[in-house]
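Reader: I would like a close look at one part of a structure, taken slowly. Please show it to me before I ask.

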Amino acid sequence: MNHVTIYTDGACKGNPGPGGWGVWLKSGPAEKELCGGEPHTTNNRMELLAVIEALTALKRPCHVNLHLDSQYVRKGITEWLKGWKAKGWKTASNQPVKNVDLWQRLDELVQHGGHDIRWHWVKGHAGDPGNERADALANRGVPQRAGVQSTTV
């Protein structure tokens, strides 16, 4: 399996508001940048969508070192997801899981994508070059006008 390093980030101008997601993938000498956005969303949705888009971009099973600055996504996938699923997508306080559509998509990619994923949390806006690059891509993905969706680069 190929070894891939991925950095992801989400951004939102207002929460909710226009938002973007960014992904930087690196495998050996090959690199790829992706970004996109939505006119009305939340930061957490963009953080989730960045990871989903990153894993979707992989065309075959890989060893993945995935770096993200979202504790929401990292804890959700590594700690909370199993309990949410066991409770029918309810939280510990018996409330519906927010962003369940994206959590279910991410769960499907993680469970059935064939990847060996290592989740790494990095502090955002602290000078990590990969995180700064993903942040810049996420901000590039934020639609400039309502109703305009950004494209991947």
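Is C12 buried or exposed?

Author: The model shown here is predicted. C12 has a relative accessible area of 18%, so C12 counts as buried, the cut-off being under 20%.

Next come the disulfides. A disulfide is a covalent bond between the sulfur atoms of two cysteines. Across the whole structure, the search for disulfides gives zero. C12 takes part in no disulfide, and the nearest cysteine sulfur, that of C35, is 15 Å away. A disulfide needs the two sulfur atoms within 2.5 Å. Seen from C35, the nearest cysteine sulfur is that of C12, 15 Å away, and C35 is in no disulfide either. C35 has a relative accessibility of 1%, so C35 is buried.

Now the rings. A pair of aromatic rings is described by the distance of the centres and the angle of the planes. The count of aromatic pairs is four. One of them joins Y7 and W24, with 5.9 Å from centre to centre and 25 degrees between the planes, and this pair is stacked. Y7 lies in strand β1 (residues 2-12) and W24 in strand β2 (residues 17-27), 17 residues apart, and the pair links distant parts of the chain. Y7 is buried because its relative accessibility is 12%. W24, with a relative accessible area of 11%, is buried too.

Another pair is W80 with W84, which is tilted: the centres are 5.9 Å apart and the planes make an angle of 45 degrees. W80 and W84 are four residues apart in helix α2 (residues 71-86), so about one helical turn separates them. W80 is partly exposed, at a relative accessible area of 35%, whereas W84 is buried, at 9% relative accessibility. W80 and W84 belong to one aromatic cluster together with Y72 and W103.

The axes of α2 and helix α3 (residues 100-112) come within 11 Å of each other and cross at roughly 90 degrees. The two helices, α2 and α3, are therefore roughly perpendicular. On the α2 side, the residues in contact are Y72, V73, G76, I77, L81, W84 and K85, and they meet W103, L106, D107 and V110 of α3. Sorted by class, this contact of α2 with α3 holds eight nonpolar residues, one polar residue and two charged residues.

Terms used
Residues numbered from 1 in each chain as written. Predicted model: local features only at pLDDT ≥ 70, side-chain atom pairs only at ≥ 80, totals over all residues. Heavy atoms only, no water. Phe/Tyr/Trp six-rings, centres within 6.5 Å; stacked < 30°, edge-to-face > 60°. Buried < 20%, exposed > 50% of the residue type's maximum accessible area, 1.4 Å probe, protein only. Axes fitted to C-alpha atoms, helices over the stretch in contact; angles between N-to-C directions. Parallel < 35°, antiparallel > 145°, perpendicular 65-115°, else oblique. Contact = heavy atoms within 4.5 Å. Nonpolar A, V, L, I, M, F, W, Y, C, P; charged D, E, K, R; others polar.
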